[in-house]
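Hello,

The structure we discussed is below. My notes on it follow.

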Amino acid sequence: MNELEQMLTDSAERLFGNEVTLEQSEAMERGEFPQSLWNAVDKSGLVHVLASEEAGGANASWTEALPVMLAAGRTVTPLPFVDAATATWLLSRLGIEAPQGLLALADLSAAPTASQDGDTWRLSAEVEVPWGRHAQHVLVRAANAWLLLPTEHASVREDANIAGEPRDRLTFVDAVATAASTRQPLEGCDDPAALGALMRAIQITGVLERVLNQTVQYATERIQFGRPIGKFQAIQQQLAVLANEVVASRMAVASACAALSGKDWAQQAMIAKIICGLAAGRAPAIAHQVHGAIGFTREHSLHYATRRLWSWRAEYGSEAQWAAKLGKMAIEHGGDTLWERLTEAA
């Protein structure tokens, strides 16, 4: 961990540790936006952690910024922090100045077609925008350009995932883009959804760390038959499996982040989503088993983590989808190159 990474890590853990509360998540599920929390996060500048210095950011690599994004997940921050940080990174690579206020990132799996009239770009389409109802601007990947659009005139169809996070659909009618670019900010990738997969994998990993810490603490404190349940071998075995899931996920996203400077980063992102998606299925099962009945109650805080894991696992492609794509890529490259590609990825 270099000096910049350590500084960012300390800042993020201090910020999210001091500012985030479970009451904010409860309010978020009632439709309230945690404005004071957003103000604190925005003031810290961490949303611009990946942006270039010219764009007012820290110019951190994805590896250096990873602990910041994990900290947001570990504290179940009720904000689209990773989405916003990724959007500002994309804007800096596109040469577009980041706007004030909350910036949302439209679903990268879809690509509506925009129209161009001279230097003016317009969009008439319905797009999926997580947290769209609260955003002042949204970055949209159109089929022929990247568009920065104000949301003030868009109509909103509100929805939410099972964690209560906004998953809205915004309809734009002849909306004029504040800025647009036909550059390709994602080198070596024919499917930008892979970047979305990496975002969700990082978020999953952060929450997995929270689940592990919370489950180990409960197993240490819960007394049964005269001793902590964590002293029983059956529970210890479950905790060991849970820890393995967390470590595997952390290694997967770390490898993907390190690969973002190379041409094969999308492959690593797909692998990370597969590994983290599988962990997002296994880890909650173990955590709820160890917690017993109390872990299933609304009053206990475990569900704030596990519902996010289940939600994010389903977003930006399932394990089966990405595994099929990786298999197709391997077949296209031929068997003679398989070992070489595997060892290069390692």
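**Sheet pairing**

Pro130 has Arg167 in E7 as its bridge partner. This is a predicted model, in which local features need pLDDT of at least 70 and side-chain atom pairs count only at pLDDT 80 or more, while totals for chains, interfaces and linings use all residues. Residues are numbered from 1 along each chain as its sequence is written, and side-chain values use heavy atoms, with hydrogens and water left out.

Strands E3 (residues 120-130) and E7 (residues 167-176) run antiparallel and are joined by 8 bridges. Strands (E, at least two residues) and helices (H or I, at least four) are DSSP runs, numbered from the N terminus; two strands pair if DSSP finds at least two bridges between them. Leu123 stands opposite Ala175 in E7. E7 also pairs with E6, in the antiparallel sense, over 3 bridges, and there Arg157 stands opposite Arg169 in E7.

These strands belong to an open sheet of 4 strands, ordered E2-E3-E7-E6, with antiparallel pairing. Strands E2 (115-117) and E6 (155-157) stand at the edges with a single partner strand each, so one side of each has no neighbour in the sheet. From one strand to the next the twist averages 20°.

**Helices H6 and H7**

Helix H6 (residues 193-221) packs against helix H7 (residues 233-259) at an angle of about 155°, with the axes 9 Å apart. Axes are lines fitted to C-alpha atoms, for helices over the stretch in contact, and angles run from 0 to 180 degrees between N-to-C directions. H6 is therefore roughly antiparallel to H7 (angles over 145 degrees count as such). Their crossing is left-handed, meaning that the near helix is turned anticlockwise from the far one by less than a right angle.

Contact means heavy atoms within 4.5 Å. Residues of H6 that meet H7 include Leu198, Ile202, Leu208 and Val216; on the H7 side, Leu239, Arg250, Val253 and Cys257 are among them. The residues of this contact divide into 16 nonpolar, 3 polar and 3 charged (Ala, Val, Leu, Ile, Met, Phe, Trp, Tyr, Cys and Pro count as nonpolar, Asp, Glu, Lys and Arg as charged, and the others, Gly among them, as polar).

**Leu66**

Leu66 lies in helix H4 (residues 62-74). Leu66 is buried, with a relative accessible area of 4% (buried means under 20%, with a 1.4 Å probe and protein chains only). Leaving aside neighbours within four places in sequence, Leu66 is in contact with Ile202, Arg250, Val253, Ala254 and Cys257.

Regards

Notes:
Buried means under 20% relative accessible area, exposed over 50%, partly exposed in between (1.4 Å probe, protein chains only). Angles under 35 degrees count as roughly parallel, over 145 as roughly antiparallel, 65 to 115 as roughly perpendicular and the rest as oblique.
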